[in-house]
Amino acid sequence: MKNSFAAIIIILILSTPIAAQQGVDEGEWVEWVSDAQLSYTAIDNLNLSAFSDDTHSDERIAFNGIVGRFYQFNGFTRMSFLLELDVEKYQDFNAMDNSQLGANLGIRHKFGLGFYQPYLQFNVNYRHKEVEWDAQSTDILFSTLEVGQHINNQLSLAASLDFTTTNGDAGSVIVPELSSDVFDQSYMHLSFFVDYILNQNWLLSASYARRQGDFQSSCSKDNVAKVLDVEQVKAITKDAIFGGCVYKLDGSSNIYSASLSYSLTSHSGLNFVMEHYQGKADVLDYQSTSYLLSFNYRY
Amino acid sequence: MKIFQFSVWCFISICLVTPWLNHANSIKVKVVDDNKNPVEFAVIYIKETLPKVSDNSVVIDQVDKEFIPYVTVVQRGSAINFPNNDEIRHQVYSFSKSKQFELPLYSGNPASPVVFDNKGVVAMACNIHDWMKAYIYVVDTNKFTISDKAGQAMLTNLSKGQYEVAVWHPKAKDNEQLNTQQINISDGEEELVFTVAQKTQFKAWRSPKSTRRRGY
């Protein structure tokens with residue numbers, strides 16, 4: 001699957017100059033991108049524990065900033081090059097405070113002239129996440145392939161496939177026969193998106209993602225034995241944030257998301273996003289819900 | 001002799017002034033929706049066929065990734081210029097029956113204006129920025145106007161006589177059946193009120209969404 005995805009990406013990259021040559025004009029750098037998001041998020045089961053007596057909730061405020069520019073090859077194909085900065089600050093679990101600096105390259109191709117023409121978009125993103133608890137600092141590489149289309153004036157559909165790999169330092173070894181590289185993970189999402197314009201000020205969005213691959217969970221020392229007993233734990237180490245252990249599993253998850261956007265102006269809006277994560281490894285269930293309220297500005 | 005000269009002077013003056021007086025009539029139009037709220041961007045025109053009056057000043061601009069104005073009315077045969085005053089490029093197109101055209105990706109001023117030879121509605125858009133939409137309404141007459149934010153407009157320089165006044169709006173619920181009224185102009189200013197039932201019309205979403213899904 002990964003090889004197919006890599007092949008599609010290579011084809012896309014190689015085909016972009018060909019697409020550019022088909023245009024009636026030479027490509028050039030066009031509009032700047034400058035986005036800012038200020039958000040508040042309440043997270044239930046922040047540590048994604050499988051045990052109800054072991055969950056922790058918290059709230060965070062975050063700033064996300066994006067600057068970059070589009071390169072327009074022709075009327076149908078454009079490339080974006082973006083630099084991204086994210087800063088997250090938690091209310092209680094300050095050891096999770098983090099900042100992320102990343103770069104994103106995107107190529108978007110629209111299959112013809114007109115509102116209803118579908119598009120194909122490829123993104124590759126690299127970022128470094130620096131976490132207050134240094135052991136969780138990681139380098140993150142993800143790539144996405146998305147296809148989408150306006151169905152009518154109100155309804156848009158999209159689907160995407162993305163792969164992510166994270167690379168962090170190994171923690172201290174606490175179970176000799178198990179690895180401690182909890183923060184080296186790879187996973188993929190197959191996602192479906194629906195956008196429905198309620199009126200010119202309100203947008204309703206929903207998405208479903210099937211996540212497959214590594215994820216991490218934390219639990220207290222009391223529950224470690226139960227986890228090791230029933231789950232195929234891939235790696236485990238001490239958890240300086242929640243006090244117990246943090247471990248890596250291979251599993252599948254369903255991620256449901258619904259959001260409501262309110263347009264303040266053509267350059268700014270308010271967004272409310274609710275997301276429910278429902279994961280499963282071998283035996284245990286891992287569930288978490290978050291509620292995000294954001295103010296977004298786009299230059 | 002002086003009486004003769006004075007008579008000639010009076011005759012010539014009357015000949016010159018009478019047509020002007022005859023055209024000094026106007027119709028004040030108010031356009032409202034079902035709830036009596038003013039309707040902006042309604043095209044109001046006299047239903048008649050008149051020879052084309054040259055007008056090269058029609059412009060539909062592109063500013064901050066929007067077409068300005070949202071609605072334009074022109075007489076059949078008119079040419080419209082589409083300058084791009086954004087510092088980026090736009091690709092303007094229309095698939096409408098009345099006029100199909102495409103201005104491939106450009107910035108600044110396109111090489112030549114677009115001529116609109118057929119009457120009817122021309123819905124246009126930008127292929128790069130899906131939310132950019134505007135309408136051109138092509139009519140047979142040169143007696144037309146567009147309502148302002150207060151829903152008001154004036155048809156001026158009308159001769160005395162019987163007229164059929166029509167209203168079109170891009171958001172009208174029934175654009176197949178033109179909203180028309182008959183009016184007899186005698187002297188001065190007449191008033192007409194049109195009620196145009198509105199339907200909700202949607203443009204592609206432009207405001208920023210949560211950065212969880214950025215869409216670049």
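**Sheets and domains of chain B**

In chain B, strand β7 (residues 90–95) and strand β10 (residues 120–126) run antiparallel and are joined by two bridges. Strands here are DSSP runs of E of at least two residues, and helices are runs of H or I of at least four, both numbered from the N terminus. Two strands count as paired if DSSP finds at least two bridges between them. Within this pair, B:Y93 has B:A125 of β10(B) as its bridge partner.

This is a predicted model, in which local features need pLDDT of at least 70 and side-chain atom pairs count only at pLDDT 80 or more, while totals for chains, interfaces and linings use all residues. Residues are numbered from 1 along each chain as its sequence is written, and chains are lettered from A and ligands numbered from 1 in the order in which they are written.

β7 and β10 belong to an open sheet of five strands in chain B, ordered β5-β11-β10-β7-β8, with mixed pairing. At its edges stand β5 (71–75) and β8 (100–106) of chain B; each has a single partner strand, so one side of each is left without a neighbour in the sheet. Neighbouring strands of this sheet are turned by 20° against each other on average, direction ignored (axes are lines fitted to C-alpha atoms, for helices over the stretch in contact, and angles run from 0 to 180 degrees between N-to-C directions).

A second open sheet in chain B has four strands in the order β12-β2-β14-β15, with antiparallel pairing. Its edge strands are β12 and β15 (179–185) of chain B, each with a single partner strand, so one side of each has no neighbour in the sheet. Inside it, β2(B) pairs with strand β14 (residues 161–168) of chain B over four bridges, in the antiparallel sense. There B:Y45 stands opposite B:A166 of β14(B).

Chain B is divided into domain 1 (26–48 + 143–204) and domain 2 (53–141), with bounds from an automatic or database domain assignment. Their C-alpha centres lie 22 Å apart. Between them, 12 residues of domain 1 are in contact with 11 residues of domain 2, contact meaning that C-beta atoms, placed from the backbone, lie within 7 Å. On the domain 1 side, β2 (43–46) and β12 (144–146) of chain B each supply at least two residues. β2(B) gives the most, with three residues. By class, this side has nine nonpolar, no polar and three charged residues (Ala, Val, Leu, Ile, Met, Phe, Trp, Tyr, Cys and Pro count as nonpolar, Asp, Glu, Lys and Arg as charged, and the others, Gly among them, as polar).

Key
Contact = placed C-beta atoms within 7 Å.
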